[in-house]
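Reader: I am new to this structure and would be grateful for a close look at a single part of it, the place where its chains meet. Please treat that part in one connected account.

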Amino acid sequence: MIRKKHTTSFLFVLIVSCCVFFLSSNLTAISNQATVPLNITVQGKLIITDAENDTNAGDNPTLNVNLKLVPDLVNSTVSGSSSIRIRTNLNSWKLTAQRSNLSGSEVNIDPQDVSLSFTTQVGSKGNPNAAKLLSPFNKITDLSQISTNNPTDILAGQSKTSLDRDPKNKDNWFQLTSNYSVSPDFFYEIGEWNTSVSYSLVSP
Amino acid sequence: MIIKNLLFLFLLVAIISNKALACLSITDDFNNPNPVINANFRFEPDISPFTDCWTGTIKVRSSQNGWRLIATRTGPTASNAEGDPSDNVMASDITLDFSVQNFGMADSNGAILVSPFSSQTNLSSIQYGTFVISGVSKTSNSCSSSNPNYYKVTKRLCLFRDFVFNPGSYEGQVSYILINP
């Protein structure tokens with residue numbers, strides 16, 4: 001009787017052991033979990049666009065602005081303006097400008113005769129404190145202040161230009177408008193006077 | 001007596017074995033088990049194109065009529081990101097689209113995406129043990145990675161190239177687990 005019990009217990013232990021082995025071997029054979037690491041890297045970028053053609057923005061951080069003046073014998077000053085838009089997610093950047101005289105300018109205007117003033121604007125989601133105008137461009141000056149030999153610092157960027165999430169990158173711009181004018185003077189010869197200003201965004 | 005005990009034990013083993021054979025399996029798109037799928041975004045903000053996307057798939061096999069796919073998320077957590085923390089990339093900034101496709105003999109109505117995953121949502125919808133798919137029918141009796149009967153779960157994550165995001169690295173993880181409810 002005791003032997004029978006021992007045999008039964010032995011068989012029970014053997015079968016349960018086999019069962020546990022079978023069960024565990026099956027469990028290790030299946031997989032029921034997937035892990036997805038999510039790594040995002042946001043890199044810095046600087047973008048300049050022409051304010052009048054903002055939808056075709058590219059990533060070329062240099063934009064050329066051509067100025068054309070036709071002095072006339074009228075009482076009012078001759079003026080013009082151009083605007084560029086800046087977008088960047090960098091907290092330290094600067095805008096530089098370099099001027100070049102274009103050939104074919106027959107009018108004897110000196111760059112000092114051309115009054116220059118800069119103003120800044122922002123889109124509804126732009127950061128008005130993203131940058132500040134550097135002296136002497138923080139007040140009315142003249143075009144000779146933009147060198148033809150070296151890039152001249154115009155804006156010191158101290159923050160990203162975007163203040164809030166903008167699902168279309170439409171209203172998160174920081175704009176720089178340049179206004180230039182020349183007073184009529186009989187001294188000037190008749191004709192057109194052209195110059196080109198290259199604006200570059202750089203990350204110091 | 002011994003025969004009686006043996007019969008009882010065989011019955012017990014049969015029941016346990018049946019349970020043991022009931023399987024749940026997740027593999028990647030190459031049928032490799034224990035998938036770790038890398039979702040790497042590396043983007044510079046730009047005006048166009050507007051978004052960067054990443055797509056990944058997992059395959060689900062189950063021999064049980066009732067199963068659930070649940071998900072748990074950590075992150076994205078910023079590292080080396082400077083600026084206002086409210087401008088860091090957050091889970092709510094990442095759109096999330098799930099789709100389920102049946103293959104082989106798997107019932108086309110056997111895996112149902114649970115709201116809000118039935119339409120486009122964002123990654124913040126996944127928290128801890130979030131119910132993503134309700135499985136109401138098995139794919140087949142086998143969970144072998146070579147078995148052609150399975151549900152393919154495709155997920156698409158997109159991040160808009162917004163200039164407001166602080167440059168830096170963000171890391172997170174989403175774990176998908178198949179369970180028997």
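How many residues of chain A are in contact with how many residues of chain B?

Author: In this predicted model, local features need pLDDT of at least 70 and side-chain atom pairs count only at pLDDT 80 or more, while totals for chains, interfaces and linings use all residues. Residues are numbered from 1 along each chain as its sequence is written, chains are lettered from A and ligands numbered from 1 in the order in which they are written, and side-chain values use heavy atoms, with hydrogens and water left out.

Between the two chains, 43 residues of chain A are in contact with 64 residues of chain B, contact meaning heavy atoms within 4.5 Å. The size of an interface is often given as the accessible area lost when the parts come together. Here the area buried between chain A and chain B is about 4,900 Å², and carbon and sulfur atoms give 59% of that area; buried area is the accessible area (1.4 Å probe) that two parts lose on being put together, summed over both. On the side of chain A, the residues that lose the most area to chain B are Leu38(A), Ile40(A) and Arg165(A), together 16% of what that side buries.

Four elements of chain A, namely α1 (2-29), β1 (33-42), β2 (46-50) and β4 (78-88), each supply at least two residues of the side that touches chain B. Helices (H or I, at least four residues) and strands (E, at least two) are DSSP runs, numbered from the N terminus. With ten residues, β1(A) gives the most to the side of chain A that touches chain B. The residues of that side divide into 17 nonpolar, 17 polar and nine charged; Ala, Val, Leu, Ile, Met, Phe, Trp, Tyr, Cys and Pro count as nonpolar, Asp, Glu, Lys and Arg as charged, and the others, Gly among them, as polar.

The structure holds seven salt bridges over all chains, and the rule finds four across the interface of chain A and chain B. A salt bridge is a side-chain nitrogen of Lys or Arg within 4 Å of a carboxyl oxygen of Asp or Glu. In the salt bridge of Glu44(B) with Lys45(A), the closest N and O atoms are 3.7 Å apart. Glu44(B) lies in the loop between β2 and β3 (51-62) of chain B, and Lys45(A) in the loop between β1 and β2 of chain A, so the pair joins two chains.

Strand pairing links the chains as well. β1(A) runs antiparallel to strand β10 (residues 168-179) of chain B, and ten bridges join them; two strands pair if DSSP finds at least two bridges between them. Within this pairing, Gly168(B) in β10(B) is the bridge partner of Val42(A).

These strands belong to an open sheet of six strands in the order β2(B)-β1(A)-β10(B)-β4(B)-β8(B)-β6(B), with mixed pairing. At its edges stand β2 (39-43) and β6 (111-113) of chain B, each with a single partner strand, so one side of each is left without a neighbour in the sheet. Neighbouring strands of this sheet are turned by 20° against each other on average, direction ignored; axes are lines fitted to C-alpha atoms, for helices over the stretch in contact, and angles run from 0 to 180 degrees between N-to-C directions. Further along the sheet, five bridges pair strand β4 (residues 67-79) of chain B with strand β8 (residues 130-135) of chain B in the antiparallel sense. There, Arg68(B) stands opposite Ser134(B) in β8(B).

Pro116(B) lies in the loop between β6 and β7 (121-122) of chain B, and a cis peptide bond with omega of about 10° joins Ser115(B) to Pro116(B). Most residues other than glycine have a negative phi, and most peptide bonds are trans.
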